[in-house]
Amino acid sequence: PSSPGGSKRGDQRGPDSDKKKAKKGRKTTIEIQTADIRSLRGSLVEIEDVVDQSVNLKGSVAARRRRRIETRGDQDPEVNTIKSGRTLEDGPVVISEGMTLRDFADKLQVKAKDLIALLVQRGTMANINFVIEPEFGIKLVKEFGLEAKVMTFEQEVQSNRAEADSGPAEKLSTRAPVVTIMGHVDHGKTSLLDKIRSSKITEGEFGGITQHIGAYHVDVNNRQIVFLDTPGHEAFTMMRARGARVTDIVVLVVAADDGVMPQTAEAIDHARAAGVPIVVALNKIDKANANPDRVKQQLADRGLAPEDWGGQTVVVPVSAVKGTGINELLEMILLTADIQDLKASPERAGQGIVLEARKETGRGIIATVLVQNGTLKVGDVFVAGSTWGRVRSMSDDRGKRALESGPATAAEVTGFT
């Protein structure tokens, strides 16, 4: 039980005692505009300036700010304290995607520890594995008095390979043309493809005409033509936007009884933007309501004047159902390819593009690859976008195992990581 004296002493504490206790435990609070700090993304120096501007400058706070300014001397860390072994004569500094600070320092020819110290002084906590964003890298390169150039990893690999191959003259040989068939819906693109394959690929071979590969080849007069299954117009535009010149010739299928339609005009625009020659296949000429002259007039209005009208566009009347004009169309494709003089070097390392990919149980990722230049062999290490791998197996467009694939050859490749 509490003693009466203790209770009395507790009762004797008045308001003055509470004020003393509150004064003794009082802490100085600084009102800062937290919204400004949270929205700030900069160096430590910039954060300190914002804090000082937000603080009520009274007493020791103002003195502390003055001492910090005097100590700092209003001088930010400068790159001139770091000497780079690179000059403008060495060319621009190439900045690639996902470049680490170690690689960036090697390209600048400076020590990684000096670059880390510089970034830390500026308020960026960095290490050798710190990823340098392209915009930030360009800013740093300019501070060193150098020029910067942003390139994707694929572009950098191709550039290095071109420099390595710029020495002795390489042997070039004629390669097969790559042809994409485009056109409006229901104008007979699929029927024309099936007719070409059924007439040039024997039924005894693997797959017949029911192949599911994105590209295949046919033999015409002891020469080859590589056909691509018609991609969507959006896919074709994306290929062109990335600078991938996949197609050498576009075969534009136009129905003689329907004429030029919206997707036909869109296909013409895509082919022109890619700088690809156009061969027109005037399909369905066997129909009673076919009007070839009207279609030719529509093509001429689009800037594709036929040769028999004094223009330069090859127009071949065909019938995918009866097989009329198929051989003439293939011969015109070869003639257009001869005018382009398509060349490639089989001795180079393989270089191509992934047309499509899928995943199968037990085999992993299988990609349909069109080799554009060089030779791709089993066991080669490859890079495709952000992934890489080693060619474990290859099969051609007819399902047969292959050890290598030369220029303008389609193959199914496994070995992606």
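Predicted model: local features only at pLDDT ≥ 70, side-chain atom pairs only at ≥ 80, totals over all residues.

Reader: OK, what's the phi of K284?

Author: It's positive, about 65°, although K284 is not a glycine. As background, most residues other than glycine have a negative phi.

Reader: And is K284 buried or exposed?

Author: K284 counts as buried, because its relative accessibility is 19% and the cut-off for buried is under 20%.

Reader: Which other residue has a positive phi without being a glycine?

Author: D341, with phi near 55°. You'll find D341 in the loop between α14 and β10 (343–344). D341 has a relative accessible area of 47%, so it is partly exposed.

Reader: Switching to helices. At what angle do α6 and α7 pack?

Author: About 110°, with the axes 9 Å apart. Here α6 covers residues 101–108 and α7 covers residues 112–121. The two are therefore roughly perpendicular to each other, since that class runs from 65 to 115 degrees.

Reader: Left-handed or right-handed crossing?

Author: Right-handed, as α6 passes α7.

Reader: Which residues meet there?

Author: From α6 it's L101, F104 and A105, and they meet A112, L115, I116 and L119 in α7. By class, that contact has seven nonpolar residues, with no polar and no charged ones.

Reader: Nice. Now the largest nonpolar core: how many residues does it have, and which touch the most other members?

Author: There are 26, and the ones touching the most other members are L192, I225, F227, L329, L330 and I333.

Reader: Which elements give two or more residues to that core?

Author: On the strand side, β4 (178–183), β5 (215–220), β6 (223–228), β7 (249–255), β8 (278–283) and β9 (314–317). The helices are α10 (189–200) and α14 (326–340).

Reader: Which one gives the most?

Author: α14, with six residues.

Reader: Back to I333. What is I333 in contact with, leaving aside neighbours within four places in sequence?

Author: V179, I225, F227, I249 and V251.

Definitions and conventions: Residues numbered from 1 in each chain as written. Heavy atoms only, no water. Axes fitted to C-alpha atoms, helices over the stretch in contact; angles between N-to-C directions. Helix = DSSP H or I, 4+ residues; strand = E, 2+ residues; numbered from the N terminus. Parallel < 35°, antiparallel > 145°, perpendicular 65-115°, else oblique. Left-handed = near helix turned anticlockwise from the far one by under 90°. Contact = heavy atoms within 4.5 Å. Nonpolar A, V, L, I, M, F, W, Y, C, P; charged D, E, K, R; others polar. Core = buried A, V, L, I, M, F, W, Y, C linked by side-chain atoms within 4.5 Å. Buried < 20%, exposed > 50% of the residue type's maximum accessible area, 1.4 Å probe, protein only.
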